[in-house]
Structure formats: structure tokens, C-alpha cells
Amino acid sequence: MVMEALVCRKLGDPTVPLSDASPISVSSFHPVPELTSPTAVRVRVRATSLNYANYLQILGKYQEKPPLPFIPGSDYSGVVESVGDRVSRFKVGDKVCSVASLGSFAEFIVAEEKDLLLVPDGCDLVAAGALPVAFGTSHVALVHRAQLKPGQVLLVLGAAGGVGLSAVQIGKVCGAVVIAVARGEAKVRFLQSMGVDHVVDLGKGNVIESVKHFLKARGLKGVDVLYDPVGGKLTKESMKLLNWGAQILVIGFASGEVPVIPANIALVKNWTVHGLYWGSYKIHQPHFLEDSLMQLLSWLSKGLITIQISHTYSLSEANIAFAAIKERKVIGKVMIVIENSSAGRSKL
């Protein structure tokens, strides 16, 4: 049996048109993965998420470098298609979501039973596929690492992206005063519609002065938690806004520049710097990660959080999907949605 899959055969820019020059190509005759153990589950993929890490991995610039060729992918959702003899938690037809180290940009993927989560009734399956990495990152960062409390001031950089929007929403669930930084009127308007307390447009005026004016008007001293998936000069500037005892969450470096956080200032100001590589929790504390994602799925089913899907594409449009991320055209998540029109074909 064969399936359609997106295969990375060499490192390079995945935004170039699909051709011999592209590092990625769509294979229509890739073998359907076999059940690898009695506790394995094969999932018919419905949707898989594009994260900035996927883009970096194909470029060869991510910390994890799989051997070539490989099928990219991370968080996904789908329907259970078959189960191993000892699987007890799931049955054929169940809706599930999970995170894979590789392989979700395909019509089928195999996962261990312990790595899958049941999608609650009432949750959109495409939305569930967008949740684990972005919302999981922000939930662990804000709820567990920073222990964000009601009334604290949260500053979110890159607030219109996938992780940024998740941080904004989780910040509001926690009762924080949320300040969001993004670029462009459309992103600013969208963040305002999400109930953000103050939005700063990077393209207009001075970020620091805008935030200081808001804080003064609200009688607030400064920022208690900085959520930073951007890095670069913006990190350095944002440190001017931090309170004594503030917490800095290092999420990523979408700007391409790794910032320097002066240790002497961190000492004097009693700052705590949290490095957060969410994927490593799967290795070191998998049960902790499962509890986090189960709470998020519960929040999603109750309407406490919503998933903003910015763009959806097919596997054959993957280069366009990666371009949307590269060119910062995204408000929320970019998804590959798989219709499974040819899933499980016999190889001719």
C-alpha cells in the first residue's frame, strides 16, 4: 500500500516552487508505514501544522538534523485507522492528535498509543492539529515555568504568530494584563479583537514609549513576564520595561538573531531567565507534557481558547505554505490539510 507524502531529499529553501531544484517534493507512491509494535496506532492524517521549526529543519538550521531523506512534520490530527493487538486506549475511528519528531506531512503516520491524545467531542479536527506545539509551548512557559498570576503584566513579542497568539490567549485565561507587539494594521486589529489590553504596531512609533505610556495610564510599574519568540534588538529594547524580579521566557529567534541578556543586569534586577525547548519535555518529562496538552484540549472544547487558522494548503502547495511563514504573512497558524483522496492505494 502506498500514500502521498512530502519528502525532503536535500537541505535548502522549501519556499521555491516544487521542482528538481526544490529540497522538497511530493511522492505519490510512498509506502504506508507499518504498525511497529503491539501498542502502535496508525492514524489517517487530517491536518498537520507548519511551525517555524519545520522551515528551519528543511533549511538545515534547526538543532535537530534528521538524516536525509525524511518526511517533515510535527503536530497533527487525524482518525485512527488501525491499532496494534495490545492497544487499549483507542479504537478505529477515534479522533486523535499528537506531536511527532518527523513524518506528519503524509496521509498516514504511526505513533505509539502513549503518545496520542483523544480529541474531545465538539473540537474541530483541523484546530486540534494546530494546538500541540504552539499552545503547548505557551502553556508550559506561562503556566508552569513563569507561573503567571492574575494582575501580572505579560509582554508578548511576535504576538500575531502561532506561538504569540497562543501566549496572548493563555495570558488572558490566567488573568494577566496582556501587552502584544506585532507589525501591521491587520495584525494589530486582530489582536485588539482578541481582547488584548494594549497592542503596539512595530511599524509605527516607538515600542518602548508606547508601552511606558500604557503602563503609566494604568498605574502599573512595568512588565512582569516577557514572552519572546523573536529575539534580536527587540529583546534588548524590551528589557528596559521589565520590573524587578521579572521573568524572561526565551522561546525562539524568529528574527534570526540570538539576543544577549546581560548577566550583571539580571543579577541586579533579580530576573529569572527561562530557556524553553518544548520538544525536549517529550524526552525528559512526557507525562508532564501529556497533562499540559489535556488541559489545553479541555480549554479548547469549553471555548476558553480558540485556534486562529491563517492559511490552509494541500501537500502539493507546501512551498507556498512555507513562504507564508517565511514572509511573515501569518496571523495564527498555517496548516496542511489532507483530504485523503488517494490514501491507501495499491501500488501499481
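Which residue just after α10 takes a positive phi? Gly303 does, at about 80°. The close-ups below come from a predicted model.

**View 1. Helix α10 and the residue that follows.** Helix α10 covers residues 286–302, 17 residues in total. Its first and last C-alpha atoms lie 25 Å apart, close to the 24 Å expected at 1.5 Å a residue. The buried residues of α10 are Leu289, Ser292, Leu293, Leu296, Leu297, Trp299 and Leu300. They sit on the same side of α10, because they cover an arc of only 160° around the axis. His287, Asp291 and Lys302 are exposed on the other side of α10. The buried residues of α10 pack against β5 (95–99), β7 (117–118), α3 (132–145), α4 and α9 (281–284). Gly303 comes just after the helix, with its positive phi of about 80°.

**View 2. Gln169 in helix α4.** Helix α4 spans residues 162–173 and contains Gln169. Is Gln169 buried or exposed? Gln169 counts as buried because its relative accessibility is 9%, and the cut-off for burial is under 20%. The side chain of Gln169 reaches the backbone oxygen of Thr306 at 2.6 Å. Leaving aside neighbours within four places in sequence, Gln169 is in contact with Phe135, Met194, Leu304, Ile305 and Thr306. Helix α4 is also among the elements that the buried residues of α10 pack against.

View 3. Strand β8 consists of residues 153–156. Val153 and Leu155 point one way from the strand, Leu154 and Val156 the other way. All of them are buried. In a regular strand the side chains alternate between the two faces of the sheet. β8 pairs with strand β9 (residues 177–182) in the parallel sense, over four bridges. Val156 has Ala180 of β9 as its bridge partner. From β8 the chain crosses through α4 to β9, and this β-α-β crossover is right-handed. β8 also runs parallel to strand β11 (residues 223–228), joined to it by three bridges. Here the bridge partner of Leu154 is Val225 in β11.

View 4. How many of the nine residues of helix α11 are buried? Seven are, and the helix (residues 318–326) is mostly covered. The buried residues are Ala318, Asn319, Ala321, Phe322, Ala323, Ala324 and Ile325. They pack against β1 (2–8), β2 (24–31), β3 (40–50), α1 (52–59), β14 (309–313) and β15 (333–337). β14 and β15 are parallel and pair over four bridges. One of the residues in this pairing is His311, whose bridge partner in β15 is Val334. Together, β14, α11 and β15 make a right-handed β-α-β unit.

View 5. Most residues other than glycine have a negative phi, and most peptide bonds are trans. Which two residues does a cis peptide bond join? Leu68 and Pro69 are joined in this way, with omega about -10°. Pro69 is in the loop between α1 and β4 (75–83). Gln147 has a positive phi, near 50°. Gln147 belongs to the loop between α3 and β8. At 48% relative accessibility, Gln147 counts as partly exposed. Asn270 likewise has a positive phi, near 55°. The loop that holds Asn270 lies between α8 (263–269) and β13 (272–275). At 41% relative accessibility, Asn270 counts as partly exposed.

View 6. Glu4 lies in strand β1. Its relative accessibility is 25%, so Glu4 counts as partly exposed. Strand β1 is one of the elements against which the buried residues of α11 pack. How far apart are the C-alpha atoms of Glu4 and Lys221? They are separated by 55 Å, and the two residues are 217 residues apart along the chain.

Methods:
Residues numbered from 1 in each chain as written. Predicted model: local features only at pLDDT ≥ 70, side-chain atom pairs only at ≥ 80, totals over all residues. Heavy atoms only, no water. Helix = DSSP H or I, 4+ residues; strand = E, 2+ residues; numbered from the N terminus. Buried < 20%, exposed > 50% of the residue type's maximum accessible area, 1.4 Å probe, protein only. Polar contact = N/O pair within 3.5 Å; in protein donor to acceptor, adjacent residues only side chain to side chain. Contact = heavy atoms within 4.5 Å. Expected span 1.5 Å × (residues − 1). Arc of directions from axis to C-beta. Pairing = 2+ DSSP bridges. Right-handed = clockwise from strand over helix to strand, strands pointing away.
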